[in-house]
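Visitor: I have a few quick things to ask about this one. Can we go through them in turn?

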Amino acid sequence: MVDGCGESGAASHRALFVQLSFCPTPSLVSGIARLVSDFCRTGLRDLDVTTRFHMAAHELTENIAKYSTSSRAMLEIEVTEFEGSRLLTLRTKNHTSQDRLVEVEKRLKELQDAVDPAQLYDRLIEETAPLEGVSGLGLARIRAEGLSFNYQISGDELTLIVQEPLPPPTSRVA
Amino acid sequence: MLRLLGIRTEGFALVLADAGAVPVVRLSGNGDGEVVAPLDRTLKQLHDELVDASVRSVVVDLGALYFMNSSCLKAFVSWIYKVRTSGKPYQIRIQYNPNQRWQQRGLEPLQRLAPAVVFLDEIAASRAATASGPASTASGQVNGGRNG
């Protein structure tokens with residue numbers, strides 16, 4: 001792992017992180033996803049984790065660009081350490097409409113409750129296949145690729161949290 | 001004879017690399033939100049042309065494709081569904097790059113959607129390494145097919 005610039009808390013140590021405040025617009029989506037990819041590649045040196053978090057960042061940022069109702073959104077990626085274990089967390093926050101919150105909460109609950117996320121993703125693909133102009137696969141794709149999902153809704157603010165446990169830290173890279 | 005116009009933007013391209021008996025369509029770059037509408041249109045046009053030409057198989061080369069978002073994947077889902085439900089189905093042989101780790105994970109659900117239509121072929125390692133570069137136009141072998 002690269003040198004951290006960590007912050008210590010009572011429960012866990014924040015070993016490495018990036019926080020980004022951005023204007024939700026489609027033209028920034030790919031660049032923000034690349035930033036997450038670079039963070040993972042540099043900090044973790046794990047290609048599988050890097051590509052899955054690149055995909056997750058792309059899907060989440062694209063949803064934010066589509067559905068945000070304010071001119072400011074937030075993305076945060078961090079590695080935390082606690083009692084020898086490490087956790088990679090991608091967190092996004094944005095404001096959106098009540099209609100969107102109802103819709104996204106329904107989808108997220110379905111994803112959280114799914115016993116087999118890959119099977120759920122397959123079902124959604126099958127259901128949306130004949131429909132024109134409808135995707136709705138982004139969140140399910142993230143879950144199907146084995147990443148855990150959580151969310152919080154506070155007023156009109158939606159926080160999405162994607163996490164992946166990491167192997168214990170190895171020797172420091174020069 | 002196929003006359004597909006393809007797509008060329010700053011960060012993405014879809015070209016008809018071979019218009020022969022087994023046409024080859026090559027995608028490269030970044031399949032993000034700005035590509036979705038033209039990709040959807042182009043795959044519909046491709047399907048119509050393949051049916052008109054009574055083609056039995058088409059190769060889709062993803063060797064130099066860096067990423068594809070879920071909306072672009074949905075354009076492929078719509079295409080595959082159309083082939084699966086058409087009176088004249090043909091094979092879609094997708095060549096994926098093992099160095100682009102998202103590809104196999106992202107493509108396997110498409111194969112499960114239509115195992116008799118979609119075949120996944122891994123690009124040989126030597127070519128995959130070359131194709132991962134942005135300016136590659138290399139052609140080469142594929143390793144054995146994977147299907148359901």
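Guide: A note on classes to begin with: Ala, Val, Leu, Ile, Met, Phe, Trp, Tyr, Cys and Pro count as nonpolar, Asp, Glu, Lys and Arg as charged, and the others, Gly among them, as polar. Also, this is a predicted model.

Visitor: What is the make-up by class of the lining of the largest pocket?

Guide: The lining has 8 nonpolar, 10 polar and 8 charged residues.

Visitor: Which residues lie nearest the centre of that pocket?

Guide: A:Glu62, A:Asn63, A:Lys66, A:Tyr67 and B:Ser71, out of 26 lining residues. Two or more residues each come from helices H1 (26-44), H2 (47-67), H3 (98-113) and H5 (138-144) of chain A, and from helix H2 (70-85) of chain B.

Visitor: Which element gives the largest share of the lining?

Guide: H2(A), with 6 residues.

Visitor: And what volume does the largest pocket have?

Guide: About 400 Å³.

Visitor: Changing topic to chain B. At what angle do H2(B) and H3(B) pack?

Guide: At about 20 degrees, with the axes 10 Å apart; H3(B) covers residues 101-113. Angles under 35 degrees count as roughly parallel, so H2(B) is roughly parallel to H3(B).

Visitor: Is the crossing left-handed or right-handed?

Guide: The crossing of H2(B) and H3(B) is right-handed.

Visitor: Which residues meet there?

Guide: From H2(B), B:Leu73, B:Phe76, B:Val77, B:Ile80 and B:Arg84; from H3(B), B:Gly106, B:Leu110 and B:Leu113. By class, this contact has 6 nonpolar, 1 polar and 1 charged residues.

Note on methods. Residues numbered from 1 in each chain as written. Chains lettered and ligands numbered in written order. Predicted model: local features only at pLDDT ≥ 70, side-chain atom pairs only at ≥ 80, totals over all residues. Heavy atoms only, no water. 1 Å grid on protein atoms, 1.4 Å probe; cavity = no way out; pocket = protein on both sides within 12 Å on 5 of 7 lines; lining within 4 Å. Points joined across faces, edges and corners; volume = space filled by probe spheres on them. Helix = DSSP H or I, 4+ residues; strand = E, 2+ residues; numbered from the N terminus. Axes fitted to C-alpha atoms, helices over the stretch in contact; angles between N-to-C directions. Parallel < 35°, antiparallel > 145°, perpendicular 65-115°, else oblique. Left-handed = near helix turned anticlockwise from the far one by under 90°. Contact = heavy atoms within 4.5 Å.
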